[in-house]
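Hi,

Here is the structure I promised to pass on. Have a look at it first, and then read on for what turned up in it.

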2 protein chains.
Amino acid sequence: METINQFELSREYVDRLQQAIDEHDKRFIVSTLQGVNPADISTLLLEFSTEDSKYVLDILDNETSAEVINDLDEDIRAKFLKNFESAEIATMLNELDSDDAVDIINELPLKDREEVIASLDNREKADNILDLLRYEEDVAGGLMAKELIKVNENWSVKQCIEEIRRQAENVEKIYSVYVVSDTNKLIGRVSLKRIILADDHIQVKELYEDDVIAVETYMDEVDVAEIMRKYDLESVPVVNVQGKLMGRITIDDIVDVITELAEEERQMMAGISEDVEEDDSVWMLTRARLPWLIIGMFGGLLGAQFIGVFEKDILLVPAMAFFIPLITATGGNVGIQSSSIVLQSLASKSVFDNSFVKRMTKVILVALLNGIVIAGIVMGMNLILGQDLTLALVVSIALFGVVLIASLMGTITPLILDRFGINPAIASGPFITTANDLLGLLVYFSVAHLLYSNL
Amino acid sequence: METINQFELSREYVDRLQQAIDEHDKRFIVSTLQGVNPADISTLLLEFSTEDSKYVLDILDNETSAEVINDLDEDIRAKFLKNFESAEIATMLNELDSDDAVDIINELPLKDREEVIASLDNREKADNILDLLRYEEDVAGGLMAKELIKVNENWSVKQCIEEIRRQAENVEKIYSVYVVSDTNKLIGRVSLKRIILADDHIQVKELYEDDVIAVETYMDEVDVAEIMRKYDLESVPVVNVQGKLMGRITIDDIVDVITELAEEERQMMAGISEDVEEDDSVWMLTRARLPWLIIGMFGGLLGAQFIGVFEKDILLVPAMAFFIPLITATGGNVGIQSSSIVLQSLASKSVFDNSFVKRMTKVILVALLNGIVIAGIVMGMNLILGQDLTLALVVSIALFGVVLIASLMGTITPLILDRFGINPAIASGPFITTANDLLGLLVYFSVAHLLYSNL
């Protein structure tokens, strides 16, 4: 066993629980799931039908059920919630932080949203949720929770502790206590450690740090993640343009953001257009993959038309056809390498952007080196293998050109995409590979025409 | 301005600071950098030579300098530290948590390590570091810090607070207080919130939660990251096989692990063999890229040899050469899509692995659908464009076969790599694309031989 107190999920337990559900053996369900972490129950329920899962959730206490639902993957949660009445969903949302509640509401069909919000009996929670619904999901406002502990700078430590006590049920994890002015402007923070160590009668204004890092409501989630990573923050306060404290973002949400961004990038690089997973339906998987395959296919057909122009050349020197895969593959490989290096740079934005000229000079130098080595080896191999000298020259010169062009394309494309606010990871996907294929063929046949006097 | 209190780095300030360094204007340096976050100073120093940076760091107080060095990227830090004496490094390490200190020591040349450790005058810190040096860098033991607050279950809340006070300087961020038995076995945790809200005389044993999630020293960092993500933990205690509390891992280190893993995967998918960034030297960039380009090149040369076998066919039906890029590109695209979907699954390991048969059935179904659509469109296009019927049939049948084979290859390869403990992301890189190219050509020319009676 590698972790302590992590719920051990066994096939036997799943079978036994299925039996308990079938026999309506509530005692078994309650007694075996008591104290189990909601995240583990979420994983467990993936093994059961949505109806059976609903049966289990109805038996568990409301707080646990809410956490279990909260821990489910988005697409699975949508299926689960179809079995729930609006009032039932509202009761669960009461148990969650406002940010999680809003995420769930945003996933509901439009017609259910109002009904669920109307069913919320906790007025404050409903207001918080309505407030958060105004923000896009991928900005700080869409990530933040309204639940936090804030105190006035004129309060004493004792008053702070009372405020924490008052809010203790609403705010599950407290990292910092935020200090605000009379007009709710964020002016600092006090760590829990400092509060514990301070005398009860000391005033907050003597304790707080005023160099608090905060983010604005409309900051992009990518930038929020970068700030929390850079400054090693476990939570960050969110302020509006007037500097008023609106909420806080905790690191667990940012870990999810980072994980999702990495997945998204992987999918773009692989040419998959939707967020699909292996256990999605055949139909969804096909739909996510076909668009890019079709783009690649049209690229290939265009390539065929293009080579068709040179049909006579191929009849004269059929060996020219042999090296088509070498030319296209090299272009593809070089292009993906180049754009992936730019992607890396864009992800860890430096303060002063490298000048375009400096960047390109280096790209060209690396391309020259790579090109010389590849073209050189191929030249040698072709001569050793007894290939015609002119053809060997054509192939190597074309390869050298392809490496150079693919390096430039692979570097410039993500930069342009990024400038226009498009995810630059597309540049490492099939679209660019296809474009590189065509360019490679163009170079190859052009060089051939130049070197073969009889073509 | 999007964030509050984030240091604004301007070209003007950099120039002004350079001037201050040249003129040895210590007053300007201290007064403008006072209170600036060390992470920002790290970014700032990237604009200066290592000698000038050392000059600035020597002026700043020791704690700030240590944090600045700690926030630097590994490769830049190595350059910086060359200008420091062992004793100077030791003084800085005294200011850091043991995990960060060990990371820095591990990056030093072997001969400097012992000297630095010997120069540590804080005995406890030295012991902690020696203890941590025993672990590999990519397991829980290599990530954990020894600094933490632990209390005995028989203590009162008041004693807890005294322990926190005693350790306050060593443990910068306290998330939880760990509860141990008389033999140092981890038995639970108490959140700071609970301690604040509890009466001074209550005993720890009445307060603590015993369902604490812990990890073992030898757990892989990937698994630690997954556990902290799953359970939304901001810190996790590390125990040895006997269950004794050895240290704790905080979420900021795990955020770094997640970011690095994503970068590593991107590099593997792009065929880059070392951890390079755009601002590395031309030589390093070339060295990281050439190996995969050469593999792809040999694949291409092999492909040329292979097509060479069919030289006569091409002379008879030169149009066959036109579709070579379509065949190889489709194989590449399908293969990368398939392996990327498997990568995603492997990253979010489910409890019960899908059975191999079930997984393959789905892969084949998706491949059949994709293959039919692609082959169908190409068939139609070729007929519209007036291509020979036999050739159109050869191309479409070959495409269908290629989609099927590339799907299977793309799915099985990462699974096999993962089974053998090799990073499965390689399967999305150039190696597999090259293999798919060759397989595609084999299928294409085989189908041609079957359908053309005169070949």
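**Strands and sheets**

A:Tyr178 stands opposite A:Arg189, which lies in β4(A). Before going further, a word on the ground rules: this is a predicted model, where local features need pLDDT of at least 70 and side-chain atom pairs count only at pLDDT 80 or more, while totals for chains, interfaces and linings use all residues. Residues are numbered from 1 along each chain as its sequence is written, chains are lettered from A and ligands numbered from 1 in the order in which they are written, and side-chain values use heavy atoms, with hydrogens and water left out.

Back to that residue pair. The strands involved are β3 (residues 176-180) of chain A and β4(A), which pair in the antiparallel sense over five bridges. (Two strands pair if DSSP finds at least two bridges between them; helices, H or I with at least four residues, and strands, E with at least two, are DSSP runs numbered from the N terminus.) In chain A, three strands form an open sheet with mixed pairing, in the order β2-β3-β4. Its edge strands are β2 (150-152) and β4 (186-191) of chain A, and each pairs on one side only. From one strand to the next, the twist averages 35°. (Axes are lines fitted to C-alpha atoms, for helices over the stretch in contact, and angles run from 0 to 180 degrees between N-to-C directions.)

Chain B has an open sheet of three strands too, in the order β2-β3-β4 and with mixed pairing. β2 (150-152) and β4 (186-191) of chain B stand at the edges with a single partner strand each, so one side of each has no neighbour in the sheet. Here β2(B) and strand β3 (residues 176-180) of chain B pair in the parallel sense over three bridges. B:Lys150 has B:Tyr178 in β3(B) as its bridge partner.

**Domains of chain A**

Chain A is assigned domain 1 (11-135), domain 2 (150-259) and domain 3 (282-451); such bounds come from an automatic or database domain assignment. Taken over C-alpha atoms, the centres of domain 1 and domain 3 of chain A are 50 Å apart.

**Helices within chain A**

Helix α20 (residues 324-347) and helix α22 (residues 389-419) of chain A have axes that come within 8 Å and cross at roughly 30°. α20(A) and α22(A) are therefore roughly parallel to each other. (Under 35 degrees counts as roughly parallel, over 145 as roughly antiparallel, 65 to 115 as roughly perpendicular and the rest as oblique.) Their crossing is right-handed, a label used if the near helix is turned clockwise from the far one by less than a right angle, with anticlockwise being left-handed.

**Helices between the chains**

The axes of helix α17 (residues 282-309) of chain A and helix α20 (residues 324-347) of chain B come within 8 Å and cross at roughly 160°. That makes α17(A) roughly antiparallel to α20(B), and their crossing is right-handed. Residues that meet there include A:Trp292, A:Gly296 and A:Met297 in α17(A), and B:Asn333, B:Val334 and B:Gln337 in α20(B).

α20(A) also has a partner in chain B: its axis and that of helix α16 (residues 251-270) of chain B come within 9 Å and cross at roughly 165°. α20(A) passes α16(B) in a right-handed crossing. That contact includes A:Gln337 and A:Gln344 of α20(A), and B:Glu263 and B:Arg266 of α16(B).

Cheers

Terms used. Contact means heavy atoms within 4.5 Å.
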